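The structure comes first, followed by notes grouped by topic.

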Amino acid sequence: MKDKFQAYRFPIILLTSIIIGSIIGLVFGEKANVIKPFGDIFINLLFMVVIPLVFFSISSAIANMDSMKRLGKIMGSMMTVFILTGIIASVFMLLAILIFSPGGGVDIPLETPDDVESVTLSEQLVNTFTVPEFVDLFSRSNMLALIIFSVLVGVSTGLVGEQGRPFAKFLSGGSEVFMKVVQIIMYYAPIGLGAYFASLIGEFGTALIGDYAKAIIIYYPVSILYFFIGFTLYAFIAGGKEGIIRFWKNILAPAATALGTGSSVATLPVNLQAAKRIGVPKDIRETVLPLGATIHMDGSCLSAMLKIAFVFGVFNMDFSGIGTFITAIGICLLSGIVMSGIPGGGFIGEMMIVTLYGLPIQALPIISAIGVVVDPPATMVNSTGDTVASMVVTRHLDGKEWIEVAEVE
């Protein structure tokens, strides 16, 4: 019981600070705006650190991947499965929020500039993925361009070989330093979020609280349904009826561990044991599961879609149209695959939602609060999704006969 409390201590503290801040806002109304600067400091600190954090984390991770070259087939199949399940999870939540729309009870005005320059789709794509000047990478409005640059630096460092090792070491050191910076900033999070929500609720009242309740009511049943329906389908694709039986016979221990620890990485040993009992080959399970613990987050895809729809409703923006939905699914994949492997990736994924949609920075703590309250089921879906993904990868590489010849322990 004590270990479980330790795992969830910080989310509980954050949630408590948000509740206290909301109560202060309800009691004092607009007078609570006097403490809003404490919340603005927290937001600015996060935006201040995001650029170097993304660069060092992504580039250092890729620069040190050369030991996996021999596992090219597994890696290719694994990434295909990760992307497909991420899309399915995103669409699953999209259908739910189209039926039960979150974030519609309050209308926070969205400030837009008077003169908006129109650009073509091709120009928008160029401006999204690239920048004309190196210094433009230091702007948070060019997040995707920064990610692409970071990937290129990481790949190039790995390809250089021995001569690139000192630079790879520098990148790893930079990643560790900025992880620590984020950790230090997060000590201030309870004060910052509490102050921000005091002013937010003081200004917009109980309508916003009702929206949060609606968002939570949507996420928990949808994530549980995806856990049972989606993973049963994946297990069937991997191994037919026998695949379903083996998956559900062995997955409850990892699911309970994920709920208890709140960490995909902490669940990894139990997940590896479950995959071994299911019969997933050693080379596949020991590649897919460790990587999946950091770059495969179906639960994060579910929550990212909910956050996007929620913030659209709160700022009275139109969440409709194929273009809007495709963009939302793309951001969910970035949040659930690319950004999930970065320490503090949840916040960075939320910052991507804010920057790519041109939302004001005030939107960040609004959607961050959702991440805090949906973390337990999201972690469970993230972790157990790695196990069933390893089964699908095995089916793709070894054929449907794998389930019959696999040694089960």
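A polar contact is a pair of N or O atoms within 3.5 Å; within protein, one must be able to donate a hydrogen and the other to accept it, and residues adjacent in sequence count only if both atoms are side-chain atoms. By that rule, the side chain of Asn250 reaches the backbone oxygen of Arg246 at 2.7 Å. The model is predicted, local features need pLDDT of at least 70, side-chain atom pairs count only at pLDDT 80 or more, and totals for chains, interfaces and linings use all residues. Residues are numbered from 1 along each chain as its sequence is written, and side-chain values use heavy atoms, with hydrogens and water left out.

**Whole chain**
- The protein chain has 17 helices and 0 strands, where helices (H or I, at least four residues) and strands (E, at least two) are DSSP runs numbered from the N terminus.
- Of its 409 residues, 49% count as buried; buried means under 20% relative accessible area, exposed over 50%, and partly exposed in between (1.4 Å probe, protein chains only).
- Among contacts (heavy atoms within 4.5 Å) with a separation of 6 or more in the protein chain, 83% come from residues 24 or more positions apart.

**Asn250**
- Asn250 is in helix α8 (residues 206-250).
- Its relative accessibility is 14%, so Asn250 counts as buried.
- Not counting residues up to four places away in sequence, Asn250 touches Ala274, Arg277 and Ile278.

**Aromatic pairs**
- The whole structure holds 21 aromatic pairs; rings of Phe, Tyr and Trp (its six-membered ring) pair if their centres lie within 6.5 Å, with planes under 30 degrees apart counted as stacked, over 60 as edge-to-face and the rest as tilted.
- Phe134 and Phe138 are edge-to-face because their planes stand at 90°, with ring centres 5.5 Å apart.
- Both Phe134 and Phe138 are exposed.
- Tyr219 and Tyr220 have planes at 80° and centres 6.5 Å apart, so this pair is also edge-to-face.
- Tyr219 is buried, at 0% relative accessible area, whereas Tyr220 is partly exposed at 29%.
- One aromatic cluster includes Phe134, Phe138, Phe149 and Phe167.

**Nonpolar patch**
- A nonpolar surface patch with about 710 Å² of accessible area together includes Leu15, Ile19, Val27 and Phe28.
- Leu15 lies in helix α1 (residues 2-28) and, at 31% relative accessibility, counts as partly exposed.
- Such patches are made of residues with over 30% relative accessible area and no salt bridge, with like charges joined within 9 Å and nonpolar side chains (Val, Leu, Ile, Met, Phe, Trp, Tyr) within 5 Å. A salt bridge is a side-chain nitrogen of Lys or Arg within 4 Å of a carboxyl oxygen of Asp or Glu.
- Accessible areas come from the Shrake-Rupley method with a 1.4 Å probe; for residues, only the protein chains shown count as cover.
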